[in-house]
Amino acid sequence: MPGSRMPRHQPYPVVRLIVIALAAIAVAAVLAWSAGTVPSTATPASTAAPASPSVTVPASSTAMRLPAATSSPTVAPSPAQTVSSQAVITAQTALRFNGRRAYQFVLDQEALGIRPTGSDAGWKTGDYIISQMEGFGWEVSTQEFLYLGVRVRNVIGKGGAGPFILLGAHYDTRPAADQDPDPARRSEPILGANDGGSGVAVLLELARVLKHDTLKHEVWLAFFDAEDRGRLDGWPFSVGARETARRLTLRPQAMVLVDMVGDADQNIYYEGNSHPRLAAEIWAVAGELGYGDTIIPQLKHTITDDHIPFVEMGIPAVDIIDFDYPYWHTTRDTSDKVSADSLERVGRTLQTWLEEKE
Ligand SMILES: [Zn+2]
């Protein structure tokens, strides 16, 4: 059910904010007692203000001290307050993609079980994504349709303004482990911690850290259904992504797909169907961030994936995929094969690329 699965990554900052709030209340109470009055904008009390949902950053939240202190309508902002407001904005734009938070999104999906298109858990995964995206302040819409009698649902979050960039990942998991080393298990479904889970996790964490008022682009974070039923029961790959491409009324400046990026043994090469210049641009950012050992500017695999419908429309599209993953389409594609560091490298690369791109 939507909203029933509150993310388990929140308790840490919440507990921390409660501690800060309690300390602030205690200090405020002492001040009130000693001054004989209740301070309305005491500085310590203002540190409790980040309890609002928009400020859930662990590392930098303690540095953001003044949002509530400037709230009095009768007092013109002093220079100090102006500087502090800028500091708050800087702190918000300095939000960085956090691999551990992203990894929690993998665990949350895995906890829902196998998530093929048309399954209860698949639908709940869509609900979970909607709930998370709305919580991060994105405008969420869905694209629902029937394919071979099965209900398919893409989820799209929109934010920012400017030239249009579309980032995508599939959230369905493969109904059959047809690459499993054990032939007896090849009809079993896969958990898809990496194949499905990792791409969604990167987009969700990007949704948390990208701030709409500072984005220089209109960004869509598209969660595709029905990617991974290809060559099973007469289904092709990329049913959901093809529908998103078909319904576009605006042509994206760039389309970037994130798929199977969480392998703890990460090796992400250029992919052969991707737009070479756009890929070089993104890989160069990874290099600048020091990730050149794992996000490697060399061509290796050529893959049919959710970027193809966009490639076919002539849209510059890139598939960020680590195809050197021995557990691909096996029952062993589980969260113990995925690492927070791998998710973080891809996430920070995309965040930096998005924030710097003109
Ligand atoms: Zn797959």
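Let me start with leucine 210, which touches Gly159, Leu215, Val219, Gln351 and Leu354, leaving out residues up to four places away in sequence. Keep in mind that this is a predicted model. Leucine 210 sits in the loop that runs between α6, residues 197-209, and β4, residues 218-224. Is leucine 210 buried or exposed? With 25 other C-beta atoms within 10 Å, where the cut-off for buried is 20 or more, leucine 210 counts as buried because of that number. One more pair for this residue: leucine 210 and glycine 160 are separated by 50 residues in sequence, and their C-alpha atoms are 8.9 Å apart in space.

The core itself has 70 residues, and Leu167, Val202, Leu203 and Val258 have the most contacts inside it. Take leucine 203: setting aside neighbours within four places in sequence, its contacts are Leu167, Ala169, Leu221, Phe223 and Val258.

α6 also packs against another helix, α4, residues 99-111. The angle between them is about 130° and the axes are 8 Å apart. The two helices are therefore oblique to each other, and α4 passes α6 in a right-handed crossing. Which residues meet there? On the α4 side they are Arg101, Ala102, Tyr103, Phe105, Val106, Gln109 and Glu110. On the α6 side they are Gly197, Ser198, Val200, Ala201, Val202, Leu204, Glu205 and Arg208. As background, an α-helix has 3.6 residues a turn, so residues three or four places apart point the same way.

Now the hairpin. Strand β1, residues 139-147, pairs with strand β2, residues 150-159, in the antiparallel sense, and the pairing covers nine bridges. Glutamate 139 stands opposite lysine 158 in β2. Two residues lie between the strands, and leucine 148 in this hairpin takes a positive phi near 50°.

Last, helix α7, residues 239-247. Which of its residues are buried? They are Val239, Gly240, Ala241, Arg242, Thr244 and Ala245. What do these buried residues pack against? The partners are β1 and β2, along with β3 at 164-170, β4, and α9 at 308-311.

Key:
Residues are numbered from 1 along each chain as its sequence is written. This is a predicted model: local features need pLDDT of at least 70, side-chain atom pairs count only at pLDDT 80 or more; totals for chains, interfaces and linings use all residues. Helices (H or I, at least four residues) and strands (E, at least two) are DSSP runs, numbered from the N terminus. A residue is buried if 20 or more other C-beta atoms lie within 10 Å of its own, exposed if 12 or fewer, and partly exposed in between; C-beta atoms are placed from the backbone. Two residues are in contact if their C-beta atoms, placed from the backbone, lie within 7 Å. Two strands pair if DSSP finds at least two bridges between them. A nonpolar core is a set of buried Ala, Val, Leu, Ile, Met, Phe, Trp, Tyr and Cys residues joined through C-beta atoms within 7 Å. Axes are lines fitted to C-alpha atoms, for helices over the stretch in contact, and angles run from 0 to 180 degrees between N-to-C directions. Angles under 35 degrees count as roughly parallel, over 145 as roughly antiparallel, 65 to 115 as roughly perpendicular and the rest as oblique. A crossing is left-handed if the near helix is turned anticlockwise from the far one by less than a right angle, and right-handed if clockwise.
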